[in-house]
Amino acid sequence: MRGELLDKFGIFICDLTVSSLILFREQSKPGRCIVAYKEHVSELIDISDEEQNAFMADVAHAARALHAAFRPNKVNYGAYGDTGCHLHMHLVPKYEGGDEWGSTFQMNPDKVYLTDAEYEEMIAKIKANL
């Protein structure tokens, strides 16, 4: 999950216990991230119970950081991967009255992209709350 493929949709933030935290480039939902399992597996059932627990703990740890950094009204969690078969979880902060509040998020609405400095500031906020 590094290199050209990652650069197309996200920015590596840091490694967690068994996964990597990645900032989604499209930021119509400020703070949207992906927690991607470090090993290449397709399904949650492809790893041991211990690893499942560690992965979900990473997801919760990242969600706590997003809540602290951006104060969303809700974080939605999505596990998709029909075409990119790698275990990962989308963390999508939602804000009452904001983009798509009360509905399912679009995978990539292609609406909001930031400057490098804005991405760096957002990553610093997340890291400060991990």
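**Entry 1: the second largest pocket**

I looked up which elements line the second largest pocket and found that H2 and E5 each supply at least two residues of its lining. The model I consulted is a predicted one. The space in this pocket amounts to about 180 Å³. I noted 14 lining residues, of which Ser42, Glu43, Ala79, Tyr80 and Leu87 are the closest to the centre.

**Entry 2: strand E5**

I next asked how many residues of E5 are buried. Seven of the seven are, so E5 is largely enclosed by the rest of the structure.

I checked the pairing of E5 with its partners. With E3, E5 forms four bridges in the antiparallel sense, and Cys33 stands opposite Leu91 there. With E4, E5 forms five bridges, again antiparallel, and Tyr77 has Leu91 as its bridge partner in E5.

**Entry 3: the sheet as a whole**

I followed the strand order and read E1-E2-E3-E5-E4, an open sheet of five strands with antiparallel pairing. Which strands stand at the edges? They are E1 (10–15) and E4 (74–78); each has a single partner strand, so one side of each is left without a neighbour in the sheet. On average, neighbouring strands are turned by 25 degrees against each other, direction ignored.

At the E1 end, I found five bridges joining E1 to E2 (residues 19–24) in antiparallel fashion. Phe12 stands opposite Ile22 in E2.

**Entry 4: helices on the sheet**

I located helix H2 (residues 49–70), which lies across E2, E3 (33–37), E4 and E5 (88–94) and runs at about 20 degrees to E5. Helix H3 (residues 116–128) also packs on the sheet, where it touches E1, E2 and E3. The direction of H3 makes about 25 degrees with that of E1.

**Entry 5: nonpolar cores**

I examined the largest nonpolar core, which has 30 residues; Ile13, Leu21, Leu23, Val35, Phe55, Leu91 and Ile126 touch the most other members. E1, E2, E3, H2, E5 and H3 are the elements that give two or more residues to this core. Which element gives the most? H2 does, with nine residues.

I traced the contacts of Val35, leaving aside its neighbours within four places in sequence, and found among them Leu16, Leu21, Phe55, Val59, Ala62, His88 and Leu91.

Notes
Residues numbered from 1 in each chain as written. Predicted model: local features only at pLDDT ≥ 70, side-chain atom pairs only at ≥ 80, totals over all residues. Heavy atoms only, no water. Pairing = 2+ DSSP bridges. Axes fitted to C-alpha atoms, helices over the stretch in contact; angles between N-to-C directions. Contact = heavy atoms within 4.5 Å. Core = buried A, V, L, I, M, F, W, Y, C linked by side-chain atoms within 4.5 Å. Buried < 20%, exposed > 50% of the residue type's maximum accessible area, 1.4 Å probe, protein only. 1 Å grid on protein atoms, 1.4 Å probe; cavity = no way out; pocket = protein on both sides within 12 Å on 5 of 7 lines; lining within 4 Å. Points joined across faces, edges and corners; volume = space filled by probe spheres on them.
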